[in-house]
Amino acid sequence: MIVLVLIVVIKFLQYRSVEEVRNSSPEAYPNLTLEEAYENFFDHPKWRFGEMEGSYVTVEFSGTCLYKGEEVTANLTIYNYVDSNSCTVMYLDFNGVPQD
């Protein structure tokens, strides 16, 4: 029974972390959530919990878009900082090729 409770708590925290990132807003666009921005730009958007890393958790986003006239899959890793209630895109790749 304790294991089941722990699993439920962990899944809830993972879900909450993804929702916090989805509902956050860029400083320059406080009336627009990341979910609205990303899901209006990318096709086939997918959000998932990544992992816990000390003071932050990672949230993974992927979706398809056009880049230089070709359809690519964009993969973003977003750090959600627990202490400061902020998030930052820390990694981006197109079709597995890291972007600077």
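Helices (DSSP runs of H or I, at least four residues) and strands (runs of E, at least two) are numbered from the N terminus. Two strands pair if DSSP finds at least two bridges between them.

This is a predicted model, where local features need pLDDT of at least 70 and side-chain atom pairs count only at pLDDT 80 or more, while totals for chains, interfaces and linings use all residues. Residues are numbered from 1 along each chain as its sequence is written, and side-chain values use heavy atoms, with hydrogens and water left out.

**View 1. Strands β2 and β3 pair up as an antiparallel hairpin.** β2 covers residues 56-67 and β3 covers residues 70-81, with 12 bridges between the two. Look across from Thr64 and you'll find Thr73 of β3 standing opposite. The hairpin leaves 2 residues between its strands, and Lys68 has a positive phi near 50°.

**View 2. β3 also partners β4, again in the antiparallel sense.** Here 8 bridges do the joining, and β4 spans residues 86-94. One facing couple to pick out is Ala74 with Phe94, the latter in β4. This hairpin has 4 residues between its strands, and Asn85 in the turn shows a positive phi of about 55°.

**View 3. β4 goes on to pair with β5, a strand of residues 97-98.** The pairing is antiparallel and runs over 2 bridges. Asp93 has Pro98 in β5 as its bridge partner. Between the strands of this hairpin sit 2 residues, and Asn95 adopts a positive phi near 50°.

**View 4. Tyr67 and Phe94 link β2 to β4.** Rings of Phe, Tyr and Trp (its six-membered ring) pair if their centres lie within 6.5 Å, with planes under 30 degrees apart called stacked, over 60 edge-to-face and the rest tilted. The whole structure holds 10 aromatic pairs. Tyr67 and Phe94 make a tilted one, at 4.7 Å centre to centre and 45° between the planes. Since Tyr67 belongs to β2 and Phe94 to β4, the pair ties together parts 27 residues apart in sequence. For accessibility, buried means under 20% relative accessible area, exposed over 50%, and partly exposed in between (1.4 Å probe, protein chains only).

**View 5. Five aromatic residues gather in one cluster.** The members are Tyr38, Phe41, Phe42, Trp47 and Phe61. The pair of Tyr38 and Trp47 is stacked, because the ring centres are 5.8 Å apart and the planes sit at 10°. Both Tyr38 and Trp47 are buried. Phe41, found in helix α2 (residues 34-41), is exposed at 53% relative accessible area. Beyond its neighbours within four places in sequence, Phe41 makes contact (heavy atoms within 4.5 Å) with Thr64 and Cys65. Phe41 and Cys65 are 24 residues apart in sequence, yet their C-alpha atoms lie 7.3 Å apart.

**View 6. The largest pocket holds about 210 Å³ of space.** On a 1 Å grid over the protein atoms alone, a pocket is an open set of points where a 1.4 Å probe fits, with protein on both sides within 12 Å along at least five of seven lines; lining residues have an atom within 4 Å of a point. Grid points are joined across faces, edges and corners, and the volume is the space filled by probe spheres set on them. There are 13 lining residues, and Ser24, Ser25, Pro26, Ser86 and Cys87 are the closest to the centre. β3 and β4 each give at least two residues to this lining, with the largest share, 4 residues, from β4. The lining splits into 5 nonpolar, 6 polar and 2 charged residues, where Ala, Val, Leu, Ile, Met, Phe, Trp, Tyr, Cys and Pro count as nonpolar, Asp, Glu, Lys and Arg as charged, and the others, Gly among them, as polar.

**View 7. The second largest pocket comes in at about 180 Å³.** Its lining includes Leu13, Arg16, Ser17 and Glu20, along with Met52, Val57, Asn80, Tyr81, Val82 and Asn85. Helix α1 (2-22) and β3 each supply at least two of the lining residues, and α1 has the largest share, with 4. By type, this lining has 5 nonpolar, 3 polar and 2 charged residues.
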